[in-house]
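Subject: Structure handover

Hello,

Here is the structure you asked to look at. Please open it first, then read the notes below it.

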Amino acid sequence: MLLVTLFVASPCNAQLSLDAELDRAAARYAPAATPAPEKVDALVAEAAEHYRAKRIDDAVAALDRAAGVAFAAEATGKAFELSLTAAEMLRKAGSAAEAAERFHQAALSNTRDPRAAQAHATAIEVLGATLDGAPAERLDQYAKLLDQHLSIWPESAAANTVRWRRVELVARRGQWDALLAAVRSVGPDDPHFDRSRELLVSAYAGLLVEDRSPKRFDAARDELQPLIFVDPRAWPAEWSPLQREAALVLARAAVDQHAEGLEYGKRLLVHALDDPPPPEPAWRRRAATLLVVAMLAGGEMTEADDWLRSVYKGKSAEREQLLITTLNHLRTDPGVGAGADRLLRSLGALEGEVRQDAQSAAALVAAGRDNEALQLYKQLAAERPDDRGVQIEYAKLLGSSTDAKDREASLGRWRLIESRSEAGSDGWFEARLQRLRLLIATGKRNDAKKLLALTRLLAPTLGGDERRAEFEQIAQQLEQASQ
């Protein structure tokens with residue numbers, strides 16, 4: 001594998017130097033027509049027998065031995081061919097990562113072979129099919145393959161496809177500014193133009209979550225609105241999936257501008273939802289959920305209820321619960337887009353689409369499924385003892401229960417949270433306040449008085465003006481109860 005050593009050892013050499021090294025290395029290989037020894041045929045026959053018996057590892061091992069014999073006899077073309085056969089065998093067997101590495105190494109072992117560039121492109125294709133949910137290390141490996149191909153075979157038949165794969169990788173990594181720059185340069189004559197418009201929308205979807213400023217929204221509107229309004233004077237007669245996705249991204253950003261963009265966002269959503277042809281169900285649910293939250297933010301309760309009914313056919317009491325919960329969240333967190341995400345997860349929770357995470361647990365609470373949420377929070381709290389957010393939400397949910405055992409468990413949970421908080425910090429005072437409220441709620445007023453007195457002694461500031469007011473309110477409750 002001389003070429004591998006040369007390429008890896010000096011990645012920063014000038015192209016001329018690299019070409020010279022490749023030429024010298026290529027001189028070691030005999031023409032592809034050099035006949036292979038008879039032993040090679042015997043090993044190939046052995047590999048075929050193993051393959052028919054579904055002994056894939058044995059078949060690949062036999063092919064490796066055959067390739068080694070051919071290479072030693074200077075039948076390098078045959079060795080290359082056998083290496084590709086072994087790689088393809090692993091690919092078909094589902095060992096994608098190993099197959100990709102074999103295609104990769106085969107290509108680098110003889111870069112001057114006419115089939116090398118295609119073998120390397122196949123390595124890229126095979127590895128690319130494994131990227132969903134892959135760790136960052138595999139994405140880095142994939143990126144290196146892409147760069148390597150364009151360095152060694154910049155004029156190959158696959159080079160343009162490899163260049164586009166680079167763009168797709170930027171999108172997969174969520175590098176939105178870089179993606180925006182890449183897709184802006186794609187012209188209408190490029191075979192990837194349609195896909196580039198989809199990625200333009202994706203780039204702004206990511207950027208608008210990171211930056212909700214009016215400036216960013218204006219930039220998005222300048223680039224995405226022309227995708228929707230082909231005729232600037234009229235709404236689309238027939239909405240395409242791309243137009244609908246662009247409208248959803250723009251509407252989400254618009255409603256997060258609050259009063260300034262609320263009406264604009266709602267108009268976009270209503271037209272995209274109602275105009276022909278009927279939208280895909282998954283898109284419709286996302287858009288209608290955002291519209292529900294936008295209408296709640298604008299005080300249109302009846303209209304919001306109508307749209308929620310259109311995407312959720314469950315009990316009216318469950319819809320009412322979701323609307324009230326969403327409205328309460330909007331009063332404390334005015335992010336309409338975040339509210340839509342929360343409502344969408346709650347709808348999923350009502351219909352059984354629950355993942356084992358804190359967001360799903362919160363969705364169950366919002367949907368009024370406290371018992372299911374308690375079970376999930378109990379599991380999460382045990383799995384994540386240092387996750388303060390999970391511990392707090394679990395303690396709150398236990399404390400809101402009417403069951404005496406749950407309330408006792410909540411007291412214990414708040415004591416644990418307090419013990420893991422820095423004394424005198426805001427988190428410490430929050431936990432102490434929650435303990436006091438629970439003691440009063442469970443009729444343990446004497447315990448509450450003792451805890452309050454101890455708190456005044458240990459932390460006379462009571463956490464500042466806002467926290468002090470909360471403590472004083474508790475003191476008044478205790479005083480009134482004792483009269």
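Asp 305 and Arg 309 form a salt bridge, with their closest N and O atoms 3.0 Å apart. A salt bridge here is a side-chain nitrogen of Lys or Arg within 4 Å of a carboxyl oxygen of Asp or Glu. Both residues sit in helix 16 (residues 301-311). They are four residues apart, about one turn of the helix. Helices (H or I, at least four residues) and strands (E, at least two) are DSSP runs, numbered from the N terminus.

Keep in mind that this is a predicted model: local features need pLDDT of at least 70, side-chain atom pairs count only at pLDDT 80 or more, and totals for chains, interfaces and linings use all residues. Residues are numbered from 1 along each chain as its sequence is written, and side-chain values use heavy atoms, with hydrogens and water left out.

Are these two residues buried or exposed? Asp 305 is partly exposed, because its relative accessibility is 21%. Arg 309 is also partly exposed, at 34%. The cut-offs are these: buried is under 20% relative accessible area, exposed is over 50%, and partly exposed is in between (1.4 Å probe, protein chains only).

Glu 125 has a relative accessible area of 36%, so it counts as partly exposed. Arg 91 has 30%, so it is partly exposed too.

Next, look at Arg 456 and Glu 472. Their closest N and O atoms are 3.4 Å apart, in another salt bridge. Arg 456 lies in helix 24 (residues 445-458) and Glu 472 in helix 25 (residues 465-482), so the pair ties together parts 16 residues apart in sequence. Arg 456 is partly exposed at 33%. Glu 472 is partly exposed at 31%.

There is also a network of salt bridges. It links Lys 78, Glu 81, Asp 113 and Arg 115.

Helix 24

Helix 24 has 14 residues. From its first C-alpha to its last, it reaches 20 Å, close to the 20 Å expected at 1.5 Å a residue. That expected span is 1.5 Å times one less than the number of residues.

Which residues of helix 24 are buried? They include Ala 448, Leu 451, Leu 452 and Thr 455. Seen down the helix axis, the buried residues fall within an arc of 100 degrees, so they line one face of helix 24. The arc is that of the directions from the helix axis to the C-beta atoms. The face turned away from the buried side carries the exposed residues Asn 446, Lys 450 and Leu 457.

Leu 458 also lies in helix 24. Leu 458 counts as exposed, because its relative accessibility is 58%.

A loop residue

Lys 315 lies in the loop between helix 16 and helix 17 (316-332). Lys 315 is exposed, at 60% relative accessibility. How far apart are Lys 315 and Ala 107 in space, C-alpha to C-alpha? They are 61 Å apart, and 208 residues apart in sequence.

Best wishes
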